[in-house]
Amino acid sequence: MSCECVREARLSKDFTSAVGAVPIVRLHRLAPVCATRQLYLKLEGCNPGGSIKEKNALYLVDQAERDGALRPGGTIIESSSGNFGVALAMIGAARDYRVIIVVDQKTTGSFRRTLQAYGAELQEVPASAADASGSMQKARMARASELARSLPGAWYPCQHLNPDNPNAHSVFTAREIQAAFPDGPDCLVVGVSTGGQLTGLARVLEPLFPRMEIVAVDVAGSQIFGGPARPYRMTGIGLSFRPPQLAMEAIDTAYAVSDELAYSVCHALARRQGLLLGASTGAIVAAGLRHSATMPVGSQILMLNPDRGERYLDTVYCPEWLERQGIELTPPDELGAAVARLEPLFHAVC
């Protein structure tokens, strides 16, 4: 083995001190635009628990411990469709907290088993509690709030409404990007759910790199940027309301990507780049490919991968599940045209 193949190993006191040490890789074979622009993917799925949400969970738990909102032997309660709940369950296991996660019918079997493997308890909101657009978020949040009020020693971080949620990405992710791109990327492509990632990154990176464009990515049918509501299968991005912590003024362009296109890009990433990544990454990369074509040759586009793909083997990567859902993947030779048809929801007025 050559010396070039050896990477320095960092000793960590536990998994929490290893959060954020993730690679950034360039995409070469996904689309022709990769030959004329530099498209990079920050693999947050390489965090110890497999997602970017470990940063939010760690930051908020540390803050709650300092403030006395979470005390030894306490209970962590949260509404989550997956990754944030898993991150809290990991911390609960490491620090001896009881963890209760409120889930719904869209929470996959893989996520449920992962949560339970870490010792978390699950509370399920019935499908009958869905709102007019078919979303379960508000019902889950109401149930989590009710549990937090009824259990002594309970702490509910409420990621969707917590104004401190973006700080995790100001502390962690923005500084990691600054270290990797001293002059800043030309464009940053981020998925939107709670708004924490985009807002926390913008607070630090916009003053440092004022010419950097920020592209927000939503799932078609979500209500974050308005437009017609319709059911969607994506987890990790999308909400039935606009999260109050989302810094709309920081967004230059926004795209809404369908389940079908996002899942097709996921399969292309696996087959052409050797990257098995989560569902929302397909949407983020689709928007990144589309937007990079509008930028000058040689531009650096950085996209954030929220999680890895093993948790989606029973859904996104399962032909039988896709067939049951009526989702037909776009053939690889037609994917470029499908991405090119993506139209931005809006452009910011300079």
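This is a predicted model: local features need pLDDT of at least 70, side-chain atom pairs count only at pLDDT 80 or more; totals for chains, interfaces and linings use all residues.
Me: Where is Lys42 placed, and is Lys42 buried or exposed?
Reply: Lys42 sits in strand E2, which covers residues 38–43, and because its relative accessibility is 1%, Lys42 counts as buried. Its side chain makes a polar contact with the side chain of Glu176, at 2.6 Å.

Me: How is a pair of aromatic rings described?
Reply: A ring pair is described by the distance of the centres together with the angle of the planes. The count here comes to 4 aromatic pairs, and one of them joins Phe225 and Phe346, which is edge-to-face, with 5.7 Å from centre to centre and 65° between the planes. This pair links distant parts of the chain, since Phe225 lies in the loop between strand E8 (213–219) and strand E9 (253–257), while Phe346 lies in strand E11 (residues 346–347), 121 residues apart.

Me: Are Phe225 and Phe346 buried or partly exposed?
Reply: Phe225 has 14% relative accessibility and so counts as buried, whereas Phe346, at 25%, counts as partly exposed.

Me: Which arrangement do Tyr263 and Trp321 form?
Reply: Tyr263 and Trp321 form a tilted aromatic pair, 6.2 Å centre to centre, with 55° between the planes. Distant parts of the chain are linked here as well, with Tyr263 in helix H8 (residues 259–273) and Trp321 in helix H10 (residues 319–324), 58 residues apart, and both Tyr263 and Trp321 are buried.

Technical notes
Residues are numbered from 1 along each chain as its sequence is written. Side-chain values use heavy atoms; hydrogens and water are left out. Rings of Phe, Tyr and Trp (its six-membered ring) pair if their centres lie within 6.5 Å; planes under 30 degrees apart count as stacked, over 60 as edge-to-face and the rest as tilted. Helices (H or I, at least four residues) and strands (E, at least two) are DSSP runs, numbered from the N terminus. Buried means under 20% relative accessible area, exposed over 50%, partly exposed in between (1.4 Å probe, protein chains only). A polar contact is a pair of N or O atoms within 3.5 Å; within protein, one must be able to donate a hydrogen and the other to accept it, and residues adjacent in sequence count only if both atoms are side-chain atoms.
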